There are 2 protein chains.
Amino acid sequence: MAKRSLPLSRVYGLLEPGPVVMVTTTGRGQANIMTLSWHTMMEFEPPLVGCVISSRNYTFGILKKTRECVINIPTRELAEKAVACGNTSGRTIDKFKAFHLTPTAARIVKAPLIDECYANLECKVVDARMVERYNFFILEVLKAWIDPSKKDPRTIHHRGKGLFVIDGRTIRIASRMK
Amino acid sequence: MAKRSLPLSRVYGLLEPGPVVMVTTTGRGQANIMTLSWHTMMEFEPPLVGCVISSRNYTFGILKKTRECVINIPTRELAEKAVACGNTSGRTIDKFKAFHLTPTAARIVKAPLIDECYANLECKVVDARMVERYNFFILEVLKAWIDPSKKDPRTIHHRGKGLFVIDGRTIRIASRMK
């Protein structure tokens, strides 16, 4: 799908609500996907994102080595594929092929965008000092993409053990907060 | 409301979906509340939670000094009060009084629970090494409380500038993930 560039100042509005995300990396010439929910915004601009990636995951070693990834944000339509990516390992399968997801070239990093996701954030690791103790990577978002045709993206939020709450309605409350 | 104790192993299911939370502290004999969305689970059990609290916030200094707080999770009914707490400072007002919220005694920490919130997590700071650089505190949840009468809590998720998405319906997808 045709994506447009999103100003970096608006990235926090995508991640702050806590959606399940699919992180792509490329290592040894092979693109991979992992699914995670343990992430947080850490700075507005340039956007910094902290995320926990277990050292048991195939992605861990690749991210540590290549220091780049893409955070892809799926909507409800992709929930089953997001779970499938979370239940399998890139050590043994090609998840793009196995789950019929489309890799497209990123602008800055080698890891691919997942075309089917409504937003994609190209990232580099900027601080790995918390990796040894907490598996916690601090990423800077270098480039953000969004699908302008998706007017009401419904992201998913993991409540544990395969339960996911889907975004419901949106309300506006007058606020001075960013 | 009457809360029951929640096993610490189940805390991740409350925070992983990324709800807006209200953090309470007590400093100089005065309880305070701040609202935030920049948090992430970091470990299942004992539950570790990372959160960003800006050094501009009144809570920052109190948390740094007292090293304890409560993470209170509001539902949609409290959204306006959560925003009001986010738009004001404990330097100048008593938010419990101003917004008609009820402080109740925690079991372990001095900071109070917000009675109206459906879940409350008593926390201590276990790692402050990232505070100077990122305003990032790592908390351990010592005790968790939940309102068993709230069968379908609808939490809220900030999308920026006063837009909040409310939890919609929940789906189950067979998963091997915790």
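Guide: Two strands are said to pair if DSSP finds at least two bridges between them, and strands themselves are DSSP runs (E, at least two residues), numbered from the N terminus. The model is a predicted one, in which local features need pLDDT of at least 70 and side-chain atom pairs count only at pLDDT 80 or more, while totals for chains, interfaces and linings use all residues. Residues are numbered from 1 along each chain as its sequence is written, chains are lettered from A in the order in which they are written, and side-chain values use heavy atoms, without hydrogens and water.

Visitor: How do you know that strand E2 of chain A and E6(A) are joined, and how do they run?

Guide: Three bridges join E2(A), residues 21-27, to E6(A); because the criterion asks for at least two, they pair. They run antiparallel, and Thr24(A) has Val70(A) as its bridge partner in E6(A). E6(A) is also joined to strand E9 of chain A (residues 119-127) by six bridges, again antiparallel. There, Asn72(A) stands opposite Asn120(A).

Visitor: Why is E6(A) called largely enclosed?

Guide: Buried means under 20% relative accessible area, with exposed over 50% and partly exposed in between (1.4 Å probe, protein chains only). Six of the six residues of E6(A), 68-73, are buried, so the rest of the structure largely encloses this strand. Both faces are covered: one carries Glu68(A), Val70(A) and Asn72(A), the other Cys69(A), Ile71(A) and Ile73(A).

Visitor: What makes E11(A) and E11(B) edge strands?

Guide: The sheet in question is open, with four strands in the order E11(A)-E12(A)-E12(B)-E11(B) and antiparallel pairing. Strand E11 (156-160) of chain A and strand E11 (156-160) of chain B each have a single partner strand, so one side of each lacks a neighbour in the sheet. Four bridges join E11(B) to E12(B), residues 163-172, and His158(B) stands opposite Phe164(B).

Visitor: What is counted as a cavity, and what volume does the largest cavity have?

Guide: On a 1 Å grid over the protein atoms alone, a cavity is a set of points where a 1.4 Å probe fits but cannot get out; lining residues have an atom within 4 Å of a point. Grid points are joined across faces, edges and corners, and a volume is the space filled by probe spheres set on the points. By this rule there is one cavity of 30 Å³ or more, and the largest has a volume of about 90 Å³. Of its 15 lining residues, the closest to the centre are Gly18(A), Ser37(A), His39(A), Gly18(B) and His39(B).

Technical notes: On a 1 Å grid over the protein atoms alone, a cavity is a set of points where a 1.4 Å probe fits but cannot get out, and a pocket is an open set with protein on both sides within 12 Å along at least five of seven lines; lining residues have an atom within 4 Å of a point.
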